[in-house]
Amino acid sequence: MVYVSSGGQMVDSQSPWRLSIIPEIFWGIINFIVLFFRTLISPSMTKHGNSYTSDYRSGGQGPPPPPRRRMGGFRGGGGGAPSPPPMGGG
């Protein structure tokens, strides 16, 4: 992956042993902990804020209707193989 360094140069990759990785990991852990406790207190909170929504349905009409025709199953009415005999036991 190509990166752009702070000097504006194109760099092929960053070294995993660079000195700046220590504060990057530190702030990544801090941000994770803060986001964890914010969502624990306010579950509607995301990293994008309270007003962000991930509902992609058009028009907000609710869930789609159920299928009109049965898609299969074990207890079909009339078609297919006969139903199994009742279980034995005492």
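Ile-25, Ile-29, Phe-32, Ile-33, Phe-36, Phe-37, Leu-40 and Ile-41 together make a nonpolar surface patch of about 870 Å². A patch here is built from residues with over 30% relative accessible area and no salt bridge, with nonpolar side chains (Val, Leu, Ile, Met, Phe, Trp, Tyr) joined within 5 Å and like charges within 9 Å. The model is a predicted one, in which local features need pLDDT of at least 70 and side-chain atom pairs count only at pLDDT 80 or more, while totals for chains, interfaces and linings use all residues. Residues are numbered from 1 along each chain as its sequence is written, and side-chain values use heavy atoms, with hydrogens and water left out.

One member of the patch, Leu-40, sits in helix 1 (residues 21-41). Leu-40 is exposed, at a relative accessible area of 56%; exposed means over 50%, buried under 20%, and partly exposed in between (1.4 Å probe, protein chains only).

The protein chain holds one helix and two strands, arranged along the sequence as β-β-α. Helices (H or I, at least four residues) and strands (E, at least two) are DSSP runs, numbered from the N terminus.

Side chains of opposite charge can pair when their charged atoms come close. The count is one salt bridge, defined as a side-chain nitrogen of Lys or Arg within 4 Å of a carboxyl oxygen of Asp or Glu. Glu-24 pairs with Arg-18, with the closest N and O atoms 2.8 Å apart. Glu-24 is partly exposed at 43% relative accessible area, and Arg-18 is partly exposed at 22%.

Of the 90 residues in the protein chain, 2% are buried.

Note on methods
Areas by Shrake-Rupley, 256 points an atom, 1.4 Å probe, with all protein chains shown as cover.
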